[in-house]
Amino acid sequence: RFLEDIDTVAGTDASILLNGESGVGKEMLARRIHEKSGRSGRLVTINMASLQDDLFESEFFGHEKGSFTGAISSKIGLVELAENGTLFLDELGEISLMGQVKLLRAIEHGGFTPVGGSQIHRPNVRIIAATNRDLLERVNEGAMRRDFYYRIHVIPIHLPPLRERKSDLPLLVEHFLK
């Protein structure tokens, strides 16, 4: 039943938020959703906990050659790499407030401008995010913007721990044996 629900939402373009304990298979589930989505692009994964604020725009939106010290060539950002595919934001609960503002602006306005660029890029990207944190609690603490939370939280899916999904064990064993 659980996987049937996943397959149903996979065909939508709505943002999906996967929530559950560490180790429940959020990344594996994101991959399944992407594969079942019918999107022709790739699944691009970024761990939000490892992303530094000063590199956020360059990593997500890319940059033009010479736009800052050390930019010796142009770089395509992760959002554009996910064109016609899925951007998987792992550990979303760790995103900074500044990162939330920048990502929200790109999502709400349907595009972004690479650092040092002047042309707006509007890629067709679906967002799947994952966290083991209570994001509403983060909103109430002031660590997450309410507007960002609601933009990412369109289709929430809670993944129960494996100890509560023993019927999934044969599927997992089969997957890992392959």
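The model is predicted, so local features need pLDDT of at least 70, side-chain atom pairs count only at pLDDT 80 or more, and totals for chains, interfaces and linings use all residues. Residues are numbered from 1 along each chain as its sequence is written, and side-chain values use heavy atoms, with hydrogens and water left out.

**Exercise 1.** Classify D7 by its relative accessibility, then find its salt-bridge partner and state which elements the pair ties together.

Step 1. D7 has 27% relative accessibility and therefore counts as partly exposed.

Step 2. A salt bridge requires a side-chain nitrogen of Lys or Arg within 4 Å of a carboxyl oxygen of Asp or Glu.

Step 3. D7 lies in helix α1 (residues 2-10) and R32 in helix α2 (residues 26-37), so the bridge ties together parts that are 25 residues apart in sequence. Helices here are DSSP runs of H or I with at least four residues, strands are runs of E with at least two, and both are numbered from the N terminus.

Step 4. R32, at 26% relative accessible area, is also partly exposed.

**Exercise 2.** Locate the two partners of the salt bridge between K75 and E59.

Step 1. The N to O distance in this bridge is 2.7 Å.

Step 2. K75 sits in the loop between α3 (56-61) and α4 (78-81), while E59 belongs to helix α3, 16 residues away.

Step 3. K75 is partly exposed at 31%, and E59 is partly exposed at 25%.

**Exercise 3.** How many salt bridges does a search of the whole structure find?

Step 1. The search returns 8.

Step 2. Another pair is D147 with R145, whose closest N and O atoms are 2.7 Å apart.

**Exercise 4.** Which residues have the most contacts inside the largest nonpolar core?

Step 1. A nonpolar core is a set of buried Ala, Val, Leu, Ile, Met, Phe, Trp, Tyr and Cys residues joined through side-chain atoms within 4.5 Å.

Step 2. The largest one has 27 residues, and F60, L89 and L92 have the most contacts inside it.

Step 3. Elements that each supply at least two residues of this core include β2 (43-47), β3 (85-90) and α5 (97-108).

Step 4. Taking contact as heavy atoms within 4.5 Å, F60 touches residues including I46, L51, V79 and L103, not counting residues up to four places away in sequence.

Definitions and conventions. Buried means under 20% relative accessible area, exposed over 50%, partly exposed in between (1.4 Å probe, protein chains only).
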